[in-house]
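Welcome, and thanks for stopping by to look at this model. Please take a moment with the sequence and the structure below, and then read on for a guided tour.

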Amino acid sequence: MSIRAIDSAGLDLDKVEEALARDMTFPARWYSDPEIYAFELEHVFKKSWQYAGPVQLLAEHGDCIVCHAGTVPIVVTRDADGGLRGFVNVCRHRAFPVVTENCNRKLLQCRYHAWTYNLDGSLHKAPRSERETEFDPADFCLLPVAVEAWNECVFVNPDPDAAPLLEAYPEFEPLALERGLDFSGYKYHGRNTYEIPANWKVWVENASECYHCPTVHTHSFSDAFVDDADVYEYVDGERILGQFTVYNERAKRYPGKPRDESVQFRYTYLWPVTTLVQDDYVAFPGTIVPTGPESCVFVADMFTHPDYDQQTLDERLQMWNATLEEDQEVVLLQQPGLRSQMVPNGRLMPASESAISRFHRMVFDAFSNAQNGD
Ligand code: FES
Ligand SMILES: [Fe+2]
């Protein structure tokens, strides 16, 4: 979207910046406006790293996983050389998805008219292409995207020329080392999918503060972990946010592997939509897939620590699921308030919501960089 389009959307960035400086939120309109949403798809989601799925599903040559980065359908493959490859999952013939579900294939065959692609994205065969004049298969390879693995996670970026993941987030590796962000060895359990009836930024904001934990998560998260403002810790970086706390004394003590008291609760957010959650029992990398100006899907890949029995792990998975469902309920009731635009800007509580201020800055920077043509 050009400067003109930003202007025609009526975005007065100076006014927004002035509101943010006063600890006010974005204008309510930013959470439901189709033009702003279109802008974000173009300038945020098409240019950012996003969590795609577990590396464990790409162990073998020919393994494929499907995912979305924003509205871009993507397929990631393990190619013949053992490398990870990522492609826009859109057939070069007439846009059908080349792969419709996670699978293992020697060739990727589009189901519509049976064009086949190699695992490196090159077009293998287009039926009846010999009847065509000037049809060169080399012109119709799958479009590449950037793909990388970190820990148990595969990340994708629709921009094939994107800076590498750890360069894009220079604070990530130091934080991961310092805080022991590492769930290698946890076993992939399965995917939880939550339909979120709210703008994607509402879901990020909800996950960026535990101010609501004592009211919303009394019998879930806050039963398991300490949500006290004196203990609960926020780390606000440039394009990365962290939250850390300890187990609640009243939380059930599980037999089995002794707790590593340094592990406890760790949450990392990577701009714009990746979240990594880890405790001793369960870890879940996740991402938000926007589906409209007022809806998105939160995808969470659940991993479990192999040293615990199934009942313990089920209880922990249930606690996390309850926490996420409670958040889902909150934003369902919040979104109509934003849609009404009757309260033009909310008032943040920076002592408890500093991470939201930081997130707003990340969004704002994406807008102002686009306006400046960066
Ligand atoms: S759309 Fe893929 S073969 Fe026709
Ligand atoms: Fe929550």
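## A walk through the model

Ala300 is found in strand E18. This is a predicted model, in which local features need pLDDT of at least 70, side-chain atom pairs count only at pLDDT 80 or more, and totals for chains, interfaces and linings use all residues. Residues are numbered from 1 along each chain as its sequence is written, chains are lettered from A and ligands numbered from 1 in the order in which they are written, and side-chain values use heavy atoms, with hydrogens and water left out. As for the element names, helices (H or I, at least four residues) and strands (E, at least two) are DSSP runs, numbered from the N terminus.

Is Ala300 buried or exposed? Its relative accessibility is 0%, so Ala300 counts as buried; the cut-offs are under 20% relative accessible area for buried, over 50% for exposed and partly exposed in between, with a 1.4 Å probe and protein chains only. The C-alpha atoms of Ala300 and Gly286 are 4.2 Å apart in space, while the two residues are 14 apart in sequence.

### The sheet around E18

Ala300 in E18 is also the bridge partner of Asn192. Two strands pair if DSSP finds at least two bridges between them, and E12 pairs with E18 (residues 295-304) in the antiparallel sense over 9 bridges. Both belong to an open, antiparallel sheet of 7 strands, in the order E12-E18-E17-E16-E15-E14-E13. At the edges stand E12 (187-196) and E13 (233-236), each with a single partner strand, so one side of each has no neighbour in the sheet. On average, neighbouring strands of this sheet are turned by 15° against each other, direction ignored; the axes behind this angle are lines fitted to C-alpha atoms, for helices over the stretch in contact, and angles run from 0 to 180 degrees between N-to-C directions.

### The other sheet

Another open sheet has 7 strands in the order E2-E11-E10-E5-E4-E3-E6, again with antiparallel pairing. Here E2 and E6 (103-104) stand at the edges with a single partner strand each, so one side of each is left without a neighbour in the sheet. Several of its pairs are set out below.

| Strand pair | Bridges | Facing residues |
|---|---|---|
| E2 (residues 50-54) and E11 | 4 bridges | Gly53 and Val154 |
| E10 (residues 144-150) and E11 | 5 bridges | Ala149 and Val154 |
| E4 (residues 72-78) and E5 (residues 84-88) | 5 bridges | Arg78 and Leu84 |
| E5 and E10 | 2 bridges | Gly86 and Val145 |

How many residues of strand E11 (residues 153-157) are buried? The count is 5 of the 5, so E11 is largely enclosed by the rest of the structure. Cys153, Phe155 and Asn157 lie on one side of E11 and Val154 and Val156 on the other, and both faces are covered.

E10 and E11 form one with 2 residues between them, and Asn151 in the turn has a positive phi of about 55°. E4 and E5 form a hairpin with 5 residues between them, where Gly82 in the turn has a positive phi of about 90°.

His217 counts as buried at 1% relative accessibility, and Asp327 is buried with a relative accessible area of 7%.

### The largest cavityAsp327 turns up again here: the largest cavity is lined by 21 residues, and Asp327 is among those nearest its centre, together with Ala207, Tyr267, Trp320 and Thr323. A cavity is a set of points, on a 1 Å grid over the protein atoms alone, where a 1.4 Å probe fits but cannot get out, and lining residues have an atom within 4 Å of a point. About 270 Å³ of space lies in this cavity, a volume being the space filled by probe spheres set on the points. H9 gives the most to the lining, with 4 residues.

Definitions and conventions: 1 Å grid on protein atoms, 1.4 Å probe; cavity = no way out; pocket = protein on both sides within 12 Å on 5 of 7 lines; lining within 4 Å.
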